[in-house]
Amino acid sequence: MGSGGNTWKLEDHPKLPKGKIVAMVVLDGWGEAKPNKYNCIANADTPTMDSLKNGAPDKWRLVKAHGTAVGLPTEDDMGNSEVGHNALGAGRIFAQGAKLCDLALESGKIFEGDGFKYIKESFESGTLHFVGLLSDGGVHSRLNQLQLLLKGASEHGAKRIRIHALTDGRDVLDGSSVGFVETIENDLTKLREKGIDAKFASGGGRMHVTMDRYENDWNVVKRGWDAQVLGEAPHKFKSALEAIKTLRAEPKANDQYLPPFVIVDENDKAVGPIVDGDAVVTFNFRADRMVMAAKAFEYENFDKFDRVRVPKIRYAGMLQYDGELKLPSHYLVSPPEIDRTSGEYLTHNGVRTYACSETVKFGHVTFFWNGNRSGYFNADMEEYVEIQSDVGITFNVQPKMKALEIAEKARDAILGRKFHQVRVNLPNGDMVGHTGDIEATVVACKAADEAVKIILDAIEQVGGIYVVTADHGNAEDMVKRDKKGEPLVDKDGNVSILTSHTLEPVPIAIGGPGLSPGVKFRKDVPNGGLANVAATVMNLHGFVAPSDYETTLIEVVDN
Ligand SMILES: O=C(O)[C@@H](CO)OP(=O)(O)O
Ligand SMILES: [Mn+2]
Ligand SMILES: [Mn+2]
């Protein structure tokens, strides 16, 4: 028996065999959109993905990858890797962090919870620090949530507040940092009028300061620590607005990569280092890019970099970022409880799994796939392989990334016949798409397509099955559009390059010599989304999915 009286035994599929090798390929940031000059996928040479599309409608279709289909608050919310891989792996739609935080803030319950009570103990004599991404992208955080936190915390007794801002430019347009800082500065002014000592204290671009993930580069977190805790950074300014405007004036400056800065007073003294007795809240709800900083704030024993001074603070995350590690131990909103994922079921039913990506996406096919859970369900049944990503570069200079290496690992795992499921994430379309470099993104898409080919060839050799899909859109549209879908043009005739994900659906293709004749996509799931994929994959492994899973996309018709 599993959790909550659940039995892990899956029913046999009445028609589909067990024991086939299934390649589960996730192209990161690969949506479907009309061809045009900003569609890097359409403009790249992608013969393999094109050939899969020829299988429509029986073996190729589109699925929803944004908005409510992946547990986000509205249909205006673009998809992202966290919610996409959660849905793919868990087979059900869970209200995600963005939504849970909205609800907790709307009802005011957040201020009655244990996490808030805990940090509140510092309000009398300490400072309350907010560290996080200043953005309305809704992928990692949302500006209006920070605003509600500021308001609520001040109403609940916070007397001294400092904000450590990370600028975005990845989920939102480059340059939007200025407006976000102005909005928050306005709120801080209002708080000061009420006698609350509220200020920005430090900042920096998200890809350069604090928000690294999967331990790719601890220096990123260290730069954040130095600015936020020690009050030390290469740049010092009197206000956040001055900081951002000055740093953005540098040639090639970009919100994603702004250097760290601290705000100083008239004596050049940092206005908000984190010290003993303070409270710290990391207000991002998404886990992957906050786990490392959370470790630095929370762990007593920590050897990733020299913290120099470790203040005794009360620290809480917006959410608990890792349920398995119980990190952080205090948090303002309970995370979605994503249980009984397909990965866990399959290991209980004899399916051996191999998962692989490079560092920047490694947690996507493991941690996110498994419902935000670190580690193996059963180490005897699973092998997760991480290929070290390049460090310290923007991926437009290396658009092929490690696609070939990932594909070769997958190929070897398939040909080795030890695993029944070989799962990969190919990062190119997404990681290079985020740089906004159109030419490089075209190269990236071609590299991802070549990687797919290697994997499909291996599946051909072993008589296996493939499932090729994506977690959300990105590379298929690189320009900001108006409501009619036309590129937005400014007064000088320039378009705004879109670095973010999109609202587009993503393809899913099935095939391979091991696919039983008669398997095809059903016609009666027109609104199918990523959450329907898990039941589909369970079928391909020869099982029927649990009854509360979103329905399968396939049927078996007798010939
Ligand atoms: O890089 C990231 O953190 C997000 C965008 O903010 O992308 P993805 O969801 O694809 O990981
Ligand atoms: Mn992604
Ligand atoms: Mn992305």
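This is a predicted model: local features need pLDDT of at least 70, side-chain atom pairs count only at pLDDT 80 or more; totals for chains, interfaces and linings use all residues.
## The manganese site

Start with the manganese ion (ligand 2). Its protein donors are D28 (OD), S81 (OG), D471 (OD) and H472 (NE2). They lie 1.9 to 2.2 Å from the ion. Along the sequence, these donor residues follow the spacing D-x52-S-x389-D-H. D28 and D471 link distant parts of the chain, 443 residues apart. D28 sits in the loop between β1 (22–27) and α1 (40–43). D471 sits in the loop between β14 (465–470) and β15 (506–511). Are these two residues buried or exposed? Both D28 and D471 are buried.

The manganese ion (ligand 3) is 4.2 Å from the manganese ion (ligand 2).

## Helix α15

Helix α15 runs over residues 438–462, which makes 25 residues.

At the start of α15, a side-chain oxygen of D437 comes to within 3.3 Å of the backbone nitrogen of E439. Just after α15, G463 has a positive phi of about 70°.

## The annotated domain

An unreviewed UniProt entry annotates residues 103–322 as "domain: BPG-independent PGAM N-terminal". How much of this stretch is helix, and how much is strand? Over residues 103–322, the chain is 33% helix and 18% strand. The end C-alpha atoms of the stretch are 21 Å apart.

Terms used:
Residues are numbered from 1 along each chain as its sequence is written. Chains are lettered from A and ligands numbered from 1 in the order in which they are written. Side-chain values use heavy atoms; hydrogens and water are left out. Donors are N, O and S atoms within 2.8 Å of the metal (3.2 Å for Na, K and Ca); water is not among the atoms, so sites may look incomplete. Helices (H or I, at least four residues) and strands (E, at least two) are DSSP runs, numbered from the N terminus. Buried means under 20% relative accessible area, exposed over 50%, partly exposed in between (1.4 Å probe, protein chains only). The expected span of a helix is 1.5 Å times one less than its number of residues. A polar contact is a pair of N or O atoms within 3.5 Å; within protein, one must be able to donate a hydrogen and the other to accept it, and residues adjacent in sequence count only if both atoms are side-chain atoms. UniProt positions are given in the numbering used here, feature names are shortened, and annotations may be inferred rather than shown by experiment.
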